[in-house]
Amino acid sequence: MRLSTTPAVLVLEDGRTFTGSAYGAIGQTVGEAVFVTAMSGYQETLTDPSYHRQIIIQTAPHIGNTGVNAADDESRRFWAAGYVVRDASRVSSNWRSEGDLDERLRSEDIVGISDVDTRALTLHLRDKGAMRMGIFSGPAAELDPTVMLETVLETPRMAGARLAEEVSVSAPEFVPAVGEAKFSVAAVDLGIKAMTPQRLAERGIDVHVLPASVTFAEIEALGVDGVFFSNGPGDPATADDQVALLRQVLTARIPFFGICFGNQLLGRALGFGTFKLPFGHRGINVPVIDRTTEKVEITAQNHGFAVDAPLEGETTAPADPAFGRVAVSHVCLNDDVVEGLQCLDIPAFSVQFHPEAAAGPHDSSYLFDRFVDLMSARA
């Protein structure tokens, strides 16, 4: 493969710029700049709906070497607003490869840039915090720098963004249990990854994947044994409809499990606040301690918001005393961010990370078994 020599420019909202070569589609794009520390799994990253309206910066220097294939897609399309890499691979060499990443980026109309010092860019974001960014390639790269910066500054911020409805399925979908069906679950799609229903189905669960706009009456009509809230993009402070739905689930004492965005919504449903992290957690190498076992897990994560809940002791749910006691079950060992909530008097828990683990690691897969245990106890 011959890599592009078309010039490209990356512009941050604070005015800092990086130059490089076009990668993927030619043109311009804007979004929130986020860096991903994973050493592998770039295809799973690009197809994760949680990256909607974000420009992904890969800290691993060599990207594209294993190509792309149909099996590893986590959703129906690439969701990233843009893509930044240091060294784009000239060769796709893997027995599972069915195509080239650069070609796939172009077919998905994802504007990217290569030959960028991603280490310097990541250190800048770690120092200054998350910010908006634009990539301009081809004729767009010849625009006046002031015009490019103005374009970036006109981009909406992620804080206050309501995005789950934009990535959710528009109609219910069904994933049957593998083998005998023991339980059924309503999985509310806020940006769900394909591996999540698969992990549930592997445990004998019929999975009803439902739109983000689903009502409690519609869930009740399915007669499910549990409710699951998925990961997803945007600011959890905007998800009032889903928080109201979750409070109905908790009041009905239906077993609940949430991950990532679902963790933040459980926090809100219980009465805790949420806040935007300086630069978020994104990668497949984030250490988290499970306080119920005292074991440390290496986790897959992708989030820029977190729950504001007390780390120590038990707290009565601020939203409603009927929800009982709540404890922080998991904590990030990098920065003490809340990574999980456990309700002690009602059947509900959540984690901030991704136990479905596409593309790994698999330390946290036991959480799906905990959900099964929760439904078994209620049966």
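Analyst: Buried area is the accessible area, found with a 1.4 Å probe, that two parts lose on being put together, summed over both. The model is predicted, so local features need pLDDT of at least 70 and side-chain atom pairs count only at pLDDT 80 or more, while totals for chains, interfaces and linings use all residues. Residues are numbered from 1 along each chain as its sequence is written, and side-chain values use heavy atoms, with hydrogens and water left out.

User: How much area is buried between domain 1 and domain 2?

Analyst: The domain assignment, whose bounds come from an automatic or database source, gives domain 1 as residues 7–154 and domain 2 as residues 164–377. Their contact, meaning heavy atoms within 4.5 Å, takes 23 residues from domain 1 and 22 residues from domain 2. Carbon and sulfur atoms give 50% of the area buried between the two domains, and that area is about 1900 Å².

User: Of the residues with the "active site" annotation, which one does the lining of the largest cavity include?

Analyst: The unreviewed UniProt entry places this annotation on Cys260, His354 and Glu356; its positions are given in the numbering used here, feature names are shortened, and annotations may be inferred rather than shown by experiment. These residues are spread over 97 residues of sequence, yet they cluster in space, with a largest C-alpha distance of 11.3 Å. A cavity is a set of points, on a 1 Å grid over the protein atoms alone, where a 1.4 Å probe fits but cannot get out, and lining residues have an atom within 4 Å of a point. Among the annotated residues, the lining of the largest cavity includes His354.

User: Is His354 buried or exposed?

Analyst: His354 lies in the loop between strand E20 (348–351) and helix H10 (366–378), where helices (H or I, at least four residues) and strands (E, at least two) are DSSP runs numbered from the N terminus. Its contacts, leaving aside neighbours within four places in sequence, include Asp48, Lys193 and Cys260. Buried means under 20% relative accessible area, exposed over 50%, and partly exposed in between, with a 1.4 Å probe and protein chains only. Because its relative accessible area is 2%, His354 is buried.

User: Which side chain does a polar contact of 3.1 Å join to that of Glu356?

Analyst: Glu356 also lies in the loop between E20 and H10, and Glu356 is buried, with a relative accessible area of 0%. A polar contact is a pair of N or O atoms within 3.5 Å; within protein, one must be able to donate a hydrogen and the other to accept it, and residues adjacent in sequence count only if both atoms are side-chain atoms. The side chain that makes this contact with Glu356 belongs to Lys193.

User: How long is the polar contact that joins the side chains of Asp290 and Thr292?

Analyst: Asp290 is found in strand E15 (residues 273–290) and counts as buried because its relative accessibility is 0%. Its polar contact with the side chain of Thr292 has a length of 2.6 Å.

Terms used: 1 Å grid on protein atoms, 1.4 Å probe; cavity = no way out; pocket = protein on both sides within 12 Å on 5 of 7 lines; lining within 4 Å.
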